[in-house]
Amino acid sequence: MIVVARYVVKEGHQDSVVSLLRSNAEASRQEPDCLEFSVYRDVEDPVRILLYERYTDEDAFQAHRHTPHFLNLVEGQVVPLLEERAWTRISEAATPG
């Protein structure tokens, strides 16, 4: 399962948020069911951040959302510095027929 998160950071907090998200990504990659976790910043609009995450399944994603690093870094420190936060969960499309 893939998760794509899109954040819009409050002006002036971009570097702090990116640093926190990189720390979260590093810790997340140590989770046994996290297959990939990358942090991207929009080239033309640096207040826009994209997270690309891959997990073995929905349960792994939900487990990630309850880890100490997620609760501390993302919920506790990043979220207060955001203007917007949205994510999409994507699974592989079944083959027709």
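## Arginine 54 and its surroundings

Leaving out residues up to four places away in sequence, arginine 54 touches Met1, Ile2, Asp33, Cys34, Leu35 and Glu36, where contact means heavy atoms within 4.5 Å. The model is a predicted one: local features need pLDDT of at least 70 and side-chain atom pairs count only at pLDDT 80 or more, while totals for chains, interfaces and linings use all residues. Residues are numbered from 1 along each chain as its sequence is written, and side-chain values use heavy atoms, with hydrogens and water left out.

- Arginine 54 has its place in strand 3; helices (H or I, at least four residues) and strands (E, at least two) are DSSP runs, numbered from the N terminus.
- With a relative accessible area of 31%, arginine 54 is partly exposed; buried means under 20% relative accessible area, exposed over 50%, and partly exposed in between (1.4 Å probe, protein chains only).
- Between the C-alpha atoms of arginine 54 and arginine 22 there are 16 Å, and these two are 32 residues apart along the chain.

**Arginine 89**

- Arginine 89 belongs to strand 4 and is partly exposed, its relative accessible area being 46%.
- The C-alpha atoms of arginine 89 and arginine 54 are separated by 9.7 Å, and the two residues lie 35 residues apart along the chain.
- If neighbours within four places in sequence are left aside, arginine 89 is in contact with Met1, Ile2, Val3, Glu58 and Phe61.

- Four strands form an open sheet in the order 2-3-1-4, with antiparallel pairing; two strands pair if DSSP finds at least two bridges between them.
- Strand 2 and strand 4 (82–90) are the edge strands, each pairing on one side only.
- On average, neighbouring strands of this sheet are turned by 10° against each other, direction ignored; axes are lines fitted to C-alpha atoms, for helices over the stretch in contact, and angles run from 0 to 180 degrees between N-to-C directions.
- Helix 1 (residues 14–28) packs on the sheet and touches strand 1, strand 2 and strand 3; the direction of helix 1 makes about 170° with that of strand 2.
- Helix 3 (residues 68–78) lies across strand 1 and strand 4, and runs at about 140° to strand 4.

**How the strands pair**

- In general, strands of a sheet pair through backbone hydrogen bonds, either parallel or antiparallel.
- Strand 1 (residues 2–9) pairs with strand 3 in the antiparallel sense over seven bridges, and here tyrosine 7 stands opposite isoleucine 49.
- Strand 1 also pairs with strand 4, in the antiparallel sense and over eight bridges; isoleucine 2 has isoleucine 90 of strand 4 as its bridge partner.
- Strand 2 (residues 34–41) and strand 3 run antiparallel and are joined by seven bridges, while a hairpin links strand 2 to strand 3 through six residues.
- Facing residues of strand 3 are phenylalanine 37, opposite glutamate 53, and tyrosine 40, opposite leucine 50.

**The two faces of strand 3**

- Side chains alternate along strand 3 (residues 48–55).

**Histidine 64**

- Histidine 64 sits in helix 2 (residues 58–64) and counts as buried because its relative accessibility is 1%.
- Apart from neighbours within four places in sequence, histidine 64 is in contact with Asn24, Ser28, Glu31, Phe37, Glu53, Tyr55, His69 and Phe70.

**Helix 1 against helix 3**

- The axes of helix 1 and helix 3 come within 9 Å and cross at roughly 165°.
- Helix 1 and helix 3 are therefore roughly antiparallel to each other; angles under 35 degrees count as roughly parallel, over 145 as roughly antiparallel, 65 to 115 as roughly perpendicular and the rest as oblique.
- Val17, Leu20, Leu21, Ser23, Asn24, Ala27 and Ser28 of helix 1 make the contact with His69, Phe70, Leu73, Val74, Gln77 and Val78 of helix 3.
- By class, this contact of helix 1 with helix 3 has eight nonpolar, five polar and no charged residues; Ala, Val, Leu, Ile, Met, Phe, Trp, Tyr, Cys and Pro count as nonpolar, Asp, Glu, Lys and Arg as charged, and the others, Gly among them, as polar.
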